[in-house]
Structure formats: C-alpha cells, structure tokens
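This briefing concerns the predicted model shown below. The points are grouped by topic.

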Amino acid sequence: MRKTVLSLMSIAALALVGCTPHSSSQTNADAPTSAGTAAVTSVPGEVSGTISVRGTVQPSDKAQLVINLVDVSSTAVGSPPLASKTSPAGTFPQPFKLTFNPAEVKPGDLYVVQAILTDGERHYSMPIQAPVLAKGSKNDAVAIELIAEQTPGEKVLADFNAEQKQLGAMKVTHGTKLEKDASRGWQLFRQDREVKFIRELVDYGAKGFTSTDYAFKDGKPWAIVQETKSSSDAKPSAIDRAGWSDDGSLVLKQHQVGSDVQVLDAAAAEALKKQAMDILSVATHGKNK
C-alpha cells in the first residue's frame, strides 16, 4: 500500500514538471504582443514648440497664422493634415501646440509641422522644414522660423531698380519739346532695338516740376516712379510708384509724402500709365518702339 502511494505522488510530480515548459512557452508567446502595444503607445499625442519671425518685416495685427501637421511622404500626397490650427497671428515669438490621434500615425512616413503666415499681399515662408514623430526628431521644443517674402509690388520695384542700374549699358537718345504750359525733356534708352526706359523731366514753371522714370516691356509700361517737386533742384514733395504684373494687375501702388507711404489709387496709376504711353509716342515719333 505504501509503494502505491509513493508511485502516485511521483506521477503527480512528473506531471507538474511536464507542465512547466508549456507555461513558459505561453509567456514568451505573449511577449511580442506586449512589445507591440508599447510601440504604439510610445507615439506622442501632441507636438509643440515656438514660432518666430526673422528680420524687421513683422506682420500686422491683421495677419493670419495656419499651423498644420502634415504627412509629406510621396504616398500621402493630397491627404489632409493630421492636425491643424488657424488663428490671428498675434505677436512673435509665440508657442504652439497641435494634438492628434496617435493611431493615425503611419510608421515609416515623414511628418512635418508647416506654419503658413499671411499678411495681406505678404507671405512668410519656412526656409527649413520642421520634421517630427520620426526617430531622432523633436516632438516638443520644435523651433520654427519664418521669413518675409517679397510682395508682388516689392518684386516689381526691385526689378525696376535693377533695370535703372543697367541704363549705362544701353543706347540713349535725347529729345525736348516746348509746350504752352510746360517745357519737356527726355532721355530714351534702348537695348537690342527695344525701348526699355524713358526718363522725362517736365518744368511747369510756377506750378512745379516732375521727374519721371518709365520702364517698358514689349512696348507697354510695367513700372513708373514719378517725383513731384516745387522746382528742379527741390526735394520731392511726393513720390508716386506704380507697377503691373505680367497679367496686367496693378501690384505696385504707392503714394509717398515724406516718410508716410499710402496706397496709390487705381485712377492715379492709370493716369501715370497714360503719361507713359504719351511720352513713348512723342519720343519715338509715334512708332512706340
């Protein structure tokens, strides 16, 4: 009877030993699932940082700021932002925070924060991208710097100033015309037989004096700067600037008195354009070229 009891106890012990590997194997099988869960939960649910504006051209109180968290992978073209925020621009530097659903993040895709700042005709761009969510990228303390781009009007004026600097290399002809109420003189500049520039001086006697530079392209004015003075030697009492884009839109429109620069109205710009075509006709004897 004693031997029988011992045998049963031995069998039970062997059965327990036999179960041990099976239990350990089950634990190891669960391990990848736990690791996978940890990998998913390691993706942050927000990105944050600071946005600043470089340079002296700061946005006005009418500027709008849009911040997007975007998947810029080639396979995600056209997909909506993972997170987005639109608000008045306010003052800079300023903090930002975007929250999103971590489950929507695609492993291996490239995500960046894009800040879009618009102030009327002026746009601000990011010279350096701000990657997030990828290995080695910051998800907080993200530093974004914006720089002001030229407005269409500023670009026309810059091109006009560059054209002025090339006048010395152009062929120049001179002309004068005495009128009832004014004495008019001009210099006409050509390059490759095309009229590029006309500088006109008009003396109205007691009514004042104007010095006007007209820039032409394909026989049409594209930029004009006119200084109004009390006499030829006086400082300008006003400066008007007008310029047109390639599609004919008025983009440069400035009326400056002293240091105060206001918007030049469309009628005044059209009057300057008419003056340009008039002097072009006079200076080229009606050929306009």
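Helix H3 comprises 18 residues, 266-283; at 1.5 Å a residue these should span 26 Å, and the end C-alpha atoms are 26 Å apart, which agrees. The expected span is 1.5 Å times one less than the number of residues. Helices (H or I, at least four residues) and strands (E, at least two) are DSSP runs, numbered from the N terminus. The model is predicted: local features need pLDDT of at least 70, side-chain atom pairs count only at pLDDT 80 or more, and totals for chains, interfaces and linings use all residues. Residues are numbered from 1 along each chain as its sequence is written, and side-chain values use heavy atoms, with hydrogens and water left out.

**Helix H3**

- Ala-269, Leu-272, Ala-276, Ile-279, Leu-280 and Ala-283 of H3 are buried (under 20% relative accessible area, with exposed over 50% and partly exposed in between; 1.4 Å probe, protein chains only).
- Seen down the axis of H3, the buried residues fall within an arc of 105°, so they line one face of the helix; the arc is that of the directions from the helix axis to the C-beta atoms.
- Ala-266, Ala-267 and Lys-274, on the other side of H3, are exposed.
- The cover over the buried residues of H3 includes strands S10 (183-191), S11 (194-203), S12 (209-217), S13 (220-229), S14 (238-244) and S15 (250-257).

**Aromatic residues**

- Three aromatic pairs are found in a search of the whole structure (rings of Phe, Tyr and Trp, its six-membered ring, with centres within 6.5 Å; planes under 30 degrees apart count as stacked, over 60 as edge-to-face and the rest as tilted).
- Tyr-214 and Phe-216 make a tilted pair, 6.4 Å centre to centre with 40° between the planes; both residues are buried.
- One aromatic cluster is formed by Phe-160, Phe-189 and Phe-197.

**Gly-153 in helix H2**

- Gly-153 belongs to helix H2 (residues 152-164) and counts as buried because its relative accessibility is 4%.
- Gly-243 is 90 residues from Gly-153 in sequence, yet their C-alpha atoms are 6.8 Å apart.
- Leaving aside neighbours within four places in sequence, Gly-153 is in contact with Val-251 and Leu-252 (heavy atoms within 4.5 Å).

**Whole chain**

- The chain has three helices and 16 strands, and 32% of its 289 residues count as buried.
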